[in-house]
Amino acid sequence: MTTTTFIPAPADAEAHANTDDRLPVFVYGTLRPDFVNAHIWEGRGYAKYDGKSRIDNHKLVSNGGFPYCIPHEGSTTYGCLIVPSVDQYDYVLASMDSLEGVPVHYTRETVAVTCPDGIIMAWVYIPANPSRVEGLSDVYLNDWTQHVRRRHTNLNDRWSID
């Protein structure tokens with residue numbers, strides 16, 4: 001099992017931003033548990049703090065099918081830490097990079113993630129070309145899981161048969 005190193009303060013997190021350690025991955029969309037792309041890491045690692053981990057000064061926007069996480073002062077994005085197993089780390093990261101189209105569609109960057117028991121550095125996928133996501137709709141509560149639940153609830157309410 002891979003262990004994660006928690007950093008006690010944001011100032012200390014900044015010092016670790018360029019680390020070569022095998023960082024967990026902060027996922028915020030279709031890579032979260034119970035979503036279509038979770039198969040990439042399931043059985044090759046584990047999810048931690050789903051919906052209880054966050055990155056500050058970022059928000060989610062969507063094209064309707066999946067979200068993008070973009071820097072945005074004053075916003076908070078919610079997601080999950082994926083911690084790949086030591087022997088599966090390279091496979092999981094390469095598979096995620098391939099899915100996300102690194103470096104053309106997304107880039108993979110380090111970010112400080114706030115979790116229930118501290119702050120940890122993790123990878124996050126950010127759009128490679130921010131102009132491509134300008135004007136996209138905000139994601140409800142900056143949480144893809146909540147957004148999808150709300151969207152499906154609204155659809156069910158609208159199409160219910162009395």
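M96 lies in helix α2. This is a predicted model. M96 is buried, because its relative accessible area is 0%, under the 20% cut-off. The residue is also among those with the most contacts inside the largest nonpolar core.

**M96 and its surroundings**
- M96 touches V25, V27, L31, I40, W41, I82 and Y125, leaving out residues up to four places away in sequence.
- L31 is one of these partners. M96 and L31 are 65 residues apart in sequence, yet their C-alpha atoms are 8.5 Å apart in space.

**Helix α2**
- How far apart are the end C-alpha atoms of α2? They are 16 Å apart. The twelve residues of α2 should span 16 Å at 1.5 Å a residue, so the two values agree.
- Which residues of α2 are buried? They are Y89, V92, L93, S95, M96, D97 and E100.
- An α-helix has 3.6 residues a turn, so residues three or four places apart point the same way.
- G101 follows α2, and its phi is positive, near 65°.

**The nonpolar core**
- The largest nonpolar core holds 39 residues. F26, Y28, L81, M96 and V113 have the most contacts inside it.
- Which elements give two or more residues to this core? They are β1, β2, β3 (67–84), α2, β4, β5 and α3.
- Strand β5 gives the largest share, seven residues.
- In soluble globular proteins, nonpolar side chains tend to be buried together.
- L81 has contacts with P24, V25, F26, Y46, A47, K48, Y49, S53, V113, C115, I120 and A122, leaving aside neighbours within four places in sequence.
- Two of these partners of L81 meet again below: Y49 and C115.

**Strands β4 and β5**
- β4 pairs with β5 (residues 118–127) in the antiparallel sense, over ten bridges.
- The two strands form a hairpin, with two residues between them.
- What is the bridge partner of C115 in β5? The partner is G118.

**N37, a buried loop residue**
- N37 sits in the loop between β1 (25–27) and β2 (45–62).
- Is N37 buried or exposed? N37 counts as buried, because its relative accessibility is 16%, under the 20% cut-off.
- The side chains of N37 and T30 are joined by a polar contact of 2.8 Å.
- N37 touches T30, L31 and L99, not counting residues up to four places away in sequence. L31 is also touched by M96.

**Backbone features to look for**
- V102 and P103 are joined by a cis peptide bond, with omega about 5°. P103 is in the loop between α2 (89–100) and β4 (106–115).
- Y49 has a positive phi of about 60°, although Y49 is not a glycine. Y49 is found in strand β2. With a relative accessible area of 19%, Y49 is buried, because the cut-off is 20%.
- L141 also has a positive phi of about 60° and is not a glycine. L141 is in the loop between β6 (137–138) and α3 (144–158). L141 is exposed, because its relative accessible area of 51% is over the 50% cut-off.

**The whole chain**
- How many helices and strands does the protein chain have? The chain has three helices and six strands.
- Along the sequence, they follow the pattern α-β-β-β-α-β-β-β-α.
- The protein chain has 162 residues, and 44% of them count as buried.
- Take the contacts between residues at least 6 apart in sequence: 69% of them join residues at least 24 apart.
- The accessible surface of the chain comes to about 8,900 Å². Carbon and sulfur atoms account for 50% of that surface.

Key
Residues numbered from 1 in each chain as written. Predicted model: local features only at pLDDT ≥ 70, side-chain atom pairs only at ≥ 80, totals over all residues. Heavy atoms only, no water. Helix = DSSP H or I, 4+ residues; strand = E, 2+ residues; numbered from the N terminus. Buried < 20%, exposed > 50% of the residue type's maximum accessible area, 1.4 Å probe, protein only. Polar contact = N/O pair within 3.5 Å; in protein donor to acceptor, adjacent residues only side chain to side chain. Contact = heavy atoms within 4.5 Å. Pairing = 2+ DSSP bridges. Core = buried A, V, L, I, M, F, W, Y, C linked by side-chain atoms within 4.5 Å. Expected span 1.5 Å × (residues − 1). Areas by Shrake-Rupley, 256 points an atom, 1.4 Å probe, with all protein chains shown as cover.
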